[in-house]
Amino acid sequence: MRVDIISIFPDYFAPLELSLIGKARGTGILDLNVHDLRTWTSDVHRTVDDTPYGGGPGMVMRPEPWGQALDAVGDGTLIVPSPVGKPFTQADAYALAALDHLIFACGRYEGIDQRVIDDAASRMPVREVSLGDYVLFGGEVAVIVIMEAVTRLLPGVLGNADSLTEESHAAGLLEAPVYTKPASWRSREVPDILRSGDHGKIARWRRDQSLSRTASRRPDMMAAYPLDQLDKADKKA
Ligand SMILES: CN1CCCC[C@@H]1Cn1ccc2ccc(-c3n[nH]c(N)c3C#N)cc21
């Protein structure tokens, strides 16, 4: 997978040189290129913003540098983090992980001139996405989150691909609580069932824990959970 990230703060993406994403870059699974938007400015001050038409607070990112930057990186699927975007989900992460070329446009200030998105949409798929119902300074942090959610789904990145099937949001439920040694810690014990060695009972316990956690913390996910899956789980466990 090729990824191009365009930002006025390219150093924000230093974390993408670390851990499993850094390894994916080193092994060629991920071809990640970070670009400074100011590369495509032509004035001495390398200006990327200007006052908004119609008045209002703040500044808007100028279309010219963005247009040249997007021309330079070529066509792919353009992802534009934005507070007005579609909420980003695990399903979106899977969809993006199946693509060959992702381009991320990191806005700042009050946002990017709308004509940049409209112009790009005339020649490639454009996805405006939001991380959640809160306001960030810009798109960079959202891109780091999306990059982690997508990269971990790429074949060869996670040592144990099986873990993808049971994790939260992949199976449609929140994960059960996890425990490790010691068996007793500050007078708190690991649930006996997890030390029983009875894998059928352990699976049922974990499913019950997932269901109760999801029901109490994410009733929206419960509403979307296919009821026939609940029956299957009971029979399997
Ligand atoms: C504050 N400032 C004036 C009001 C409008 C937004 C602006 C800041 N800002 C500029 C570009 C940009 C991109 C994404 C986000 C963003 N916020 N919250 C999310 N879930 C986001 C995503 N994904 C914020 C951004």
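This is a predicted model: local features need pLDDT of at least 70, side-chain atom pairs count only at pLDDT 80 or more; totals for chains, interfaces and linings use all residues.

**Stop 1: the ligand shell**

Select the ligand and the residues around it. How many residues surround the ligand? The shell has 18, and the closest are Tyr-109, Ser-130, Gly-132, Tyr-134 and Leu-136. Colour the shell by class: 10 residues are nonpolar, six are polar and two are charged.

Now show the secondary structure. Strand E5 (77-87) and strand E7 (126-130) each give the shell at least two residues. E5 makes the largest contribution, with three residues.

**Stop 2: backbone atoms facing the ligand**

Which distances separate them from ligand nitrogen atoms? For Ser-82, a backbone N or O atom sits 3.4 Å from a nitrogen atom of the ligand. For Leu-131, the distance from a backbone N or O atom to a ligand nitrogen is 3.3 Å. For Gly-132, a polar backbone atom is 3.0 Å from a nitrogen of the ligand.

**Stop 3: Leu-131**

Stay on Leu-131. Its place is the loop between E7 and H5. Is Leu-131 buried, partly exposed or exposed? The relative accessible area is 25%, so Leu-131 counts as partly exposed. Show its contacts beyond four places in sequence: Phe-88, Ala-142, Val-145 and Ile-146. Then draw a line from the C-alpha atom of Leu-131 to that of Met-61. The two are 70 residues apart along the chain, and their C-alpha atoms are separated by 21 Å.

**Stop 4: Tyr-109**

Go back to the shell and pick Tyr-109, one of its closest residues. Tyr-109 belongs to the loop between E6 and H4. Check the backbone torsions here. Phi is near 55°, a positive value in a residue that is not glycine. Most residues other than glycine have a negative phi. With 35% relative accessibility, Tyr-109 is partly exposed.

**Stop 5: helix H3**

Select residues 90-97, helix H3. Which residues of H3 are buried? They are Gln-90, Asp-92, Ala-93, Leu-96 and Ala-97. Look down the helix axis: the buried residues of H3 fall within an arc of 155°, so they line one face. An α-helix has 3.6 residues a turn, so residues three or four places apart point the same way.

**Stop 6: helix H4**

Move to helix H4, residues 114-121. Its buried residues are Val-116, Ile-117 and Ala-120. Down the axis of H4 they fall within an arc of 95°, so they too line one face of the helix. Helix H2 (63-73), E5 and E7 are among the elements that cover them.

**Stop 7: His-35**

Select His-35, in strand E2 (residues 31-36). Which side chain does the side chain of His-35 meet in a polar contact? The partner is Asp-4, at 2.7 Å. Beyond four places in sequence, His-35 is in contact with Asp-4, Ile-5, Ile-6, Ser-7, Trp-40 and Val-73.

**Stop 8: Ser-210**

Jump to Ser-210, in helix H7 (residues 199-217). Ser-210 has a relative accessible area of 10%, so it counts as buried. Show its side chain: a polar atom there lies 2.9 Å from the backbone oxygen of Leu-174. Leaving out residues up to four places away, Ser-210 touches Leu-173, Leu-174, Glu-175 and Ala-176.

**Stop 9: two backbone details**

Select Lys-181 and Pro-182. What kind of peptide bond joins them? The bond is cis, with omega at about 5°. Most peptide bonds are trans. Pro-182 is in the loop between helix H6 (163-166) and strand E8 (184-185).

Finish at Ser-187, in the loop between E8 and strand E9 (188-189). Ser-187 is not a glycine, yet its phi is positive, about 65°. Ser-187 counts as exposed, at 70% relative accessibility.

Methods: Residues are numbered from 1 along each chain as its sequence is written. Side-chain values use heavy atoms; hydrogens and water are left out. A residue is near a molecule or strand if one of its heavy atoms lies within 4 Å of it. A polar contact is a pair of N or O atoms within 3.5 Å; within protein, one must be able to donate a hydrogen and the other to accept it, and residues adjacent in sequence count only if both atoms are side-chain atoms. Helices (H or I, at least four residues) and strands (E, at least two) are DSSP runs, numbered from the N terminus. Ala, Val, Leu, Ile, Met, Phe, Trp, Tyr, Cys and Pro count as nonpolar, Asp, Glu, Lys and Arg as charged, and the others, Gly among them, as polar. Buried means under 20% relative accessible area, exposed over 50%, partly exposed in between (1.4 Å probe, protein chains only). The arc is that of the directions from the helix axis to the C-beta atoms. Contact means heavy atoms within 4.5 Å.
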